[in-house]
Amino acid sequence: MAEGKEQDITQVLSQLVVYYVEEIKEILSSEVWESIFLNCTKNEILVFWLLYREGEVNMTELADYIHVPLNTASGIVSRMEKSGLLVRMRSKEDKRVVYVTFSERGRAQFEALIGELYNYGIQVASAFSQEEIGLFCRMTAKVIEVLRQENKRDRPSKKVRKIVIE
């Protein structure tokens, strides 16, 4: 394959991976994420993804990204830290602020996974014409939209519970 075409495919795939992960992060169920990524939960994979993109985030940003309360995010980070995948650090300016980043082991593990997925993507993409890649992208966008609609339909509405105070 010509070097120019490989660079084009690499650039397109990089942009597509970022786009599609962001699009599907809330659509797929936890069970699907766990089966794809072995023993990692959906939230752990999303923490990895966020750190891969941002390098370092504070706990509030992390909790907001994965749509969980701060105490739930703390529990997730604690498990990942105990496994040696993440490191927590207090801000030097404000000791109340805690930042999270990859440990060396965590970064290496996630980069190996991304590298493997990327290599498969290159192999698959090189087998397609530009037209087929465009068709694939359009079809994938439709799949995401169908899953998004299904997710909205299946999500139970939150009911406000009234507590009687005597």
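1. Three bridges connect β1 with strand β3 (residues 98–102), and the two strands run antiparallel. Within this pairing, N58 has Y99 of β3 as its bridge partner. Strands are taken as DSSP runs (E, at least two residues) and helices likewise (H or I, at least four), numbered from the N terminus, and two strands pair if DSSP finds at least two bridges between them.

2. This is a predicted model, in which local features need pLDDT of at least 70 and side-chain atom pairs count only at pLDDT 80 or more, while totals for chains, interfaces and linings use all residues. Residues are numbered from 1 along each chain as its sequence is written, and side-chain values use heavy atoms, with hydrogens and water left out.

3. The sheet as a whole is open and has three strands in the order β1-β3-β2, with antiparallel pairing. Its edge strands, each pairing on one side only, are β1 (56–58) and β2 (86–90). On average, neighbouring strands of this sheet are turned by 30° against each other, direction ignored.

4. Helix α5 (residues 70–82) lies across β2 and β3 and runs at about 120° to β2. Axes here are lines fitted to C-alpha atoms, for helices over the stretch in contact, and angles run from 0 to 180 degrees between N-to-C directions.

5. Helix α3 (residues 42–54) packs with α5 at an angle of about 75°, their axes being 10 Å apart. The two helices, α3 and α5, are therefore roughly perpendicular to each other (a term for angles of 65 to 115 degrees). On the α3 side, N43, E44, V47 and F48 meet I76, R79 and M80 of α5, where contact means heavy atoms within 4.5 Å. By class, this contact of α3 with α5 has four nonpolar, one polar and two charged residues.

6. A polar atom of the S91 side chain lies 3.2 Å from the backbone nitrogen of E93. Leaving aside neighbours within four places in sequence, S91 is in contact with V97 and Y99.

7. A108 belongs to helix α6 (residues 104–126) and counts as partly exposed, at 44% relative accessibility. The C-alpha atoms of A108 and L85 are separated by 9.2 Å, with the two residues 23 residues apart along the chain.

Note on methods. A polar contact is a pair of N or O atoms within 3.5 Å; within protein, one must be able to donate a hydrogen and the other to accept it, and residues adjacent in sequence count only if both atoms are side-chain atoms. Angles under 35 degrees count as roughly parallel, over 145 as roughly antiparallel, 65 to 115 as roughly perpendicular and the rest as oblique. Ala, Val, Leu, Ile, Met, Phe, Trp, Tyr, Cys and Pro count as nonpolar, Asp, Glu, Lys and Arg as charged, and the others, Gly among them, as polar. Buried means under 20% relative accessible area, exposed over 50%, partly exposed in between (1.4 Å probe, protein chains only).
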